[in-house]
Amino acid sequence: MRSTPPGHSPAPPSFALVPLAVRHAPAMAAVLADPALYRFTGGEPPRAAELERRYARQLAGPGEAGVTWVNFLVRVEECGDFAGYVQATVTRGAEAEVAWVVGTAWQGRGLAKAAARALAVRLADAGVRRLVAYVHPEHAASEAVARALGLRPDGPWQDGERRWAGPAPGQSRT
């Protein structure tokens, strides 16, 4: 018996956006350990020590006037495990470049869409008016997340990825 109607995705698991902390690096190294995660973005799974250094840099901020980094880990409420992350680079408080990664063990459950939406709402509540994401043209799952955010392909390419853009939640399309 189906638990959801055909063509509908089941509800994602309950989750919380947890502020990034260096102490989370070992758990996140396990989440990010599958080489399949890097098929479209390149690179390889980071080790815990590398993530500790990366997280310390991210927490220090960009050091550039008018630019803010926003970083959250996605923690699944039912088990307390981390499942991925969402992040944004906010420029002049008006535009945010957003990104998301969900570990392979948690993919296919709507978690990336839900977590990216939760980040987008937080950004809009903080005054962000426009969202931008860069998505590899063969990464159908990430394209689906971008669409769920209301983003559309709008032109420029960067490092083999297409730019998607649109208004932040609650902002009109102009």
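Buried here means under 20% relative accessible area, and exposed means over 50%. The model shown is predicted.

**View 1. Helix H2 and its buried face.**
Helix H2 covers residues 48–60. Leu 51, Tyr 55 and Gln 58 are its buried residues. Seen down the helix axis, the buried residues fall within an arc of 60°, so they line one face of H2. An α-helix has 3.6 residues a turn, so residues three or four places apart point the same way. The other side of H2 carries Arg 53, Arg 57 and Ala 60, which are exposed. The buried residues pack against helix H1 (25–31), strand S2 (67–76) and strand S3 (82–91).

How far apart are the end C-alpha atoms of H2? They are 18 Å apart. At 1.5 Å a residue, the 13 residues should span 18 Å, so the two values agree.

**View 2. Strand S5 and its partners.**
Strand S5 runs over residues 130–135. Five of its six residues are buried, so the strand is mostly covered. S5 pairs with strand S4 (residues 95–102) in the parallel sense, over three bridges. S5 also pairs with strand S7 (residues 161–167), here in the antiparallel sense and over six bridges. Val 132 can be followed to both partners. Glu 97 stands opposite Val 132 of S5. In S7, the bridge partner of Val 132 is Ala 165.

**View 3. The crossover from S4 to S5.**
Helix H3 spans residues 111–125. Together, S4, H3 and S5 make a β-α-β unit. The unit is right-handed. Its two strands, S4 and S5, pair in the parallel sense.

**View 4. Leu 131 in strand S5.**
Leu 131 is found in strand S5. Its relative accessible area is 0%, under the 20% cut-off, so Leu 131 is buried. Which residues beyond four places in sequence is Leu 131 in contact with? Among them are Ala 96, Val 98, Ala 120 and Leu 123. The list also includes Leu 151, Trp 164, Ala 165, Gly 166 and Pro 167. Ala 168 and Pro 169 are in contact with Leu 131 too. Ala 144 is 13 residues from Leu 131 along the chain, and their C-alpha atoms are separated by 15 Å.

**View 6**
Six of the seven residues of S7 are buried, so the strand is largely enclosed by the rest of the structure. Strand S6 (residues 152–158) is joined to S7 by four bridges, and the two run antiparallel. At one of these pairings, Gln 158 has Glu 161 of S7 as its bridge partner. S6 and S7 form a hairpin, with two residues between them. Asp 159 lies in the turn and has a positive phi of about 50°.

Helix H4 covers residues 140–148. Its buried residues are Ser 142, Glu 143, Val 145 and Ala 146. They cover an arc of only 155° around the axis, which puts them on the same side of H4. The face turned away from this buried side carries the exposed residues Ala 140 and Ala 141. The buried residues of H4 pack against S4, H3, S5 and S7. Gly 150 follows H4, and its phi is positive, near 85°.

Leaving out residues up to four places away in sequence, Ser 142 touches Trp 100 and Val 135. With Trp 100, there is also a polar contact: the side chains of Ser 142 and Trp 100 are joined at 3.3 Å.

Pro 13 lies in the segment before strand S1 (15–19). At 13% relative accessibility, Pro 13 counts as buried. Pro 13 and Leu 111 are 98 residues apart in sequence. In space, their C-alpha atoms are 6.8 Å apart. Residues up to four places away aside, Pro 13 touches Val 76, Glu 78, Trp 106, Arg 109 and Leu 111.

Note on methods: Residues numbered from 1 in each chain as written. Predicted model: local features only at pLDDT ≥ 70, side-chain atom pairs only at ≥ 80, totals over all residues. Heavy atoms only, no water. Polar contact = N/O pair within 3.5 Å; in protein donor to acceptor, adjacent residues only side chain to side chain. Contact = heavy atoms within 4.5 Å. Buried < 20%, exposed > 50% of the residue type's maximum accessible area, 1.4 Å probe, protein only. Pairing = 2+ DSSP bridges. Right-handed = clockwise from strand over helix to strand, strands pointing away. Expected span 1.5 Å × (residues − 1). Arc of directions from axis to C-beta.
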